[in-house]
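Hi,

Here is the structure I promised to pass on. Have a look at it first, and then read on for what turned up.

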Amino acid sequence: MSNRLTLTAFRKFRVKSWRYYEIERQLNRISSVAEVDLHEILNRRYSLRHLLLLLWRYPRNKMENIKENFQKKKQSKPIRASLCNLSLEGERLVFYFNTNYIRAKDLYLQIFGKNYYPREELTSGQQMLTNYLKSYYNSVGLFFEIPLADVKNQSVRMFDDETPVSFRWGAGVSYNALELKERGLYVRISNGELHFQTKGRYRCSVLSSNEYSLRDKLIFLFACLNPFHPLSLFAENLGAADNAFELFKYALKKKENVYYIASKKIKLSQQDSEIRNKMLVHNGRRHLLAVLFSHRWISSFSLRLELFPTNGVLKDIHYFMLPTEWDLIPHGMALGDKEVAMLHRYSWDNPARTFLSVPLEQAAFSQKYEFKNTFCLGAPRMDKWYGAQSCAGKVFFFFTWRLSLSQRVNSVLFEDFKKTSYFSCIISLVKYIRKQFPNYELHYAFHHEIVKQGHDQIVKEALDGLDVHFIYLNNSLGTDEFNTYFKSARYLITDFSSVAFDFAYKEGAIPIYYLSEQFIKGHYPLEESFFKLHLGIIARNEAEVASCLRLENPTEEMLARRQQFYPYLDHNNCGRVYEAIFKEKAPNHFLPALIQREESKDIRRLGIYFFFDSEGVVDDYVIYYLQQLRTVCTEICVVVNGLLNNMGNISLQKCCDRLLVRENIGFDSWAYKEALESYGFDTIAKNYDEVLLNNFTNFGPVYPFSEMFTEMGRKDCDFWGHNRYLNQDQFVGGEHLSDHLQSYFIVFRKPILISPSFEEYWKTLLVPQTYQQAIAYHELRCTRYFEKKGFLSESYIPWKKYKDYRLNNPVYRAYQQMVEDHSPLLKRKVFFIKENCFEFPLHELHSPYDILQYLNEHSNYNTGYIYQNIERTMKLPENEIPIKNMWWKKLQARYGFWLKENCRIELAKVCNAPFSITKFKEFCKKGSPKK
């Protein structure tokens, strides 16, 4: 699957129907919370496209039925609370709850029998938020502080006296809770309780729980296994076109893989087909899939309602499996001049980064609203205002909404709305302006909250016949219309909306604040600083407004304040924010492993190479191998078992950073163990990102090592090897020959290196006395050990394609793996000779001679290295032995389709086995390497 993933490609997937039932049966079979029981599920045995198609096509009504069957009966009229924010501050967790319960102050949290009570002494920001909730929503805000150490692998419950209280996420999972993944904790709310668990236990408990439907588990499983996260998602309030939308259009021109979440109405009204094709309907299936494939969220409003699906399909368990970060570019401009408590980080969440317009706004978000990681780079939406020419005689009206008239607090009926001061002040002002300036163009834009209430129709009826042009912002056409008239207007009449700062960004614009005492009631209280920070003229009555409309140009004072207010008066706000988000490296703990490995060009990799030769001779194939290994390893350590002659010692010293010569005990596993201990496990965990263990049993590389490491860098795993040996119905050294990564080439990544399990594995390693024990004690044990610890494994050779052969041995399948799978390694055993025959003939219709011929024609690898080593270490026959009637057996092996598979393999062995010294020399035509 390409990084340039497109959502339309999903529809092309095809899968057999039995896959549905296989996955469903296995998920339903899980009943234990033991991690080992989930080994087959979490070890990537299912194709991602099968899961994806299952999510795409599974009937919704069936899923809902399954979901209802899993849910337990709810208590009658339980006490409810909403967990609005869960954030980590130092070593303590801060819980912010919102509830309408009358005795809210009596609520307390309980963890393993220990009670925690609400904080009495609140910070200024917390106090501001609780006052706001009490004034406008008649609800209570509660703050709890709990040490982080107290919640690990524990459940948090809420009680009133001894009555359990059911709570849930407030409008969606808290983004700050997702940051707990950095501390190794994953959070979920199930059955009214909050669970904190480590990753392995979290996955087990989710997949074995009856609280989640089959659909929930399928999405969770897909989120666990999917390593592809190429998408960046943008979203805003579904009727707005603010900073996020402008940055989205800019990123789209830069060919970024971006999508914009919008309502269906907004998408259908978008005229630009390129933009429309990159819009996803909110709560649609493509919206769901886009979130699962995303690694970056960018919004101008709170993340939960705009970008997250709100239809309940995605739950907290799914978001915790996504490696995403959130960047906020706030709507409007908040300078701390109004008491906008809803902007506080406990209400909106604290994003990874917040990009703001001016220094005053940055100071307000950092100090008053307590946001972290704030940057002042300019507002992307203002780029379209810069350089706009304003025309005399054009007036633009835009008044913000009133919280007291919103359905968020109480619905106001039409007749009641007509009696409000908000309505009467607007109608009186517009009529007065029309009377005083009959030739002026009047354009009136409705705030989308007013349209939601249906109050726009009342305003239009009252102003009918006054030649006022009305503008709606609930679709793309209305947004374009707003931009057109907003750019050309000379005058803006508003109340305390931050749109005045946008208007002042234009050349020659005159913002007018209409602040009649009766008009500004019912919304956020204005602070003293508001009257010092504005960039226009404050008018207290209609006559003062009319006086301002007679000005032809801004005053000198207004121009000076504008110049001082904006640090960037240019057309490059989008460019600065784009560079900061898309070009700078994001925090590591919020990047998926795939993205980390692509962006981190300087991975520190320690390569440990094991060598043994009965005569202590180092052939040139070893020197060439180590020279090529240097291209992918920061440091190389060679550990030698047994003898090493002087020439070999000198050659190896030139190719490595550390050379260890030890007694020939313990085969390769104890050689690796001693090399690791010579560095120290703590030093390795601190200084290296990966450790490579490989040995002398390979020729190569026949292709550059960088190709294999680049390919594996795209796979999300904790350790990987060159080849995964498939399960065989036999025993080696007393151990069952199960699936495992072969130990001749294996890479361990950072998650394993920093885990205590890595050191524990090597300390508990037994000393093998025979070759079979060496396989049993290390090669067979290693993969199983780390997979049981919850680490994911992968292999470079695609083992699934060899499942039908029941054997993917890199010796017997050498030609196929080299040509089809682009394997850079070639096992020495392929060319081992015994009694005029190749000792391990290939199980395919190609012989070792075909391998040599392919290398001569398609690779830069010197086949003379192979000849040099085989001639010295093998007893080559002096005389040729003629082989008769072989042509008939070759025909049968190649074209005998009536034969059983095992018979054809045996024939292939017979055909590939004969060895000819003349033919071998001919194919190794490059000759022995020069000394």
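Let me start with a proline: Pro-701 sits in the loop between β27 (698-699) and α32 (705-713). The helix and strand names are DSSP runs (H or I of at least four residues for helices, E of at least two for strands), numbered from the N terminus. The peptide bond joining Gly-700 and Pro-701 is cis, with omega at about 0 degrees.

Before going further, a word on how to read all this. It's a predicted model, in which local features need pLDDT of at least 70 and side-chain atom pairs count only at pLDDT 80 or more, while totals for chains, interfaces and linings use all residues. Residues are numbered from 1 along each chain as its sequence is written, and side-chain values use heavy atoms, with hydrogens and water left out.

Next, Asn-695, which belongs to strand β26 (residues 690-695). Asn-695 counts as buried because its relative accessibility is 5%; the cut-offs are under 20% relative accessible area for buried, over 50% for exposed, and partly exposed in between, using a 1.4 Å probe and protein chains only. Leaving out neighbours within four places in sequence, the residues in contact with Asn-695 include Tyr-609, Phe-610, Asp-668 and Tyr-744 (contact means heavy atoms within 4.5 Å). The side chain of Asn-695 also makes a polar contact of 2.5 Å with the side chain of Thr-697. A polar contact here is a pair of N or O atoms within 3.5 Å; within protein, one must be able to donate a hydrogen and the other to accept it, and residues adjacent in sequence count only if both atoms are side-chain atoms.

How many disulfides does a search of the whole structure find? The search comes back with 0, taking a disulfide as a pair of cysteine sulfur atoms within 2.5 Å. For Cys-224, the closest cysteine sulfur is in Cys-204, 10.0 Å away, so that is too far for a bond. Cys-224 is buried at 11% relative accessibility, and Cys-548 is buried too, at 7%.

Then there's strand β8 (residues 186-190): 5 of its 5 residues are buried, so β8 is largely enclosed by the rest of the structure. In a regular strand, side chains alternate between the two faces of the sheet. In β8 both faces are covered, with Tyr-186, Arg-188 and Ser-190 buried on one side and Val-187 and Ile-189 buried on the other. β8 pairs with strand β9 (residues 193-197) in the antiparallel sense over 5 bridges (pairing needs at least two DSSP bridges between the strands). Ser-190 stands opposite Glu-193 of β9. The two strands make a hairpin with 2 residues between them, and Asn-191 in that turn has a positive phi of about 55 degrees.

Ala-177 is buried, at 0% relative accessible area. Beyond four places in sequence, Ala-177 touches Leu-86, Trp-169 and Phe-320 by the contact cut-off.

Asn-153, in the loop between β5 (140-147) and β6 (154-160), has a positive phi of about 55 degrees without being a glycine. Glu-370, in the loop between α16 (359-368) and β16 (374-376), likewise has a positive phi, near 60 degrees.

Cheers
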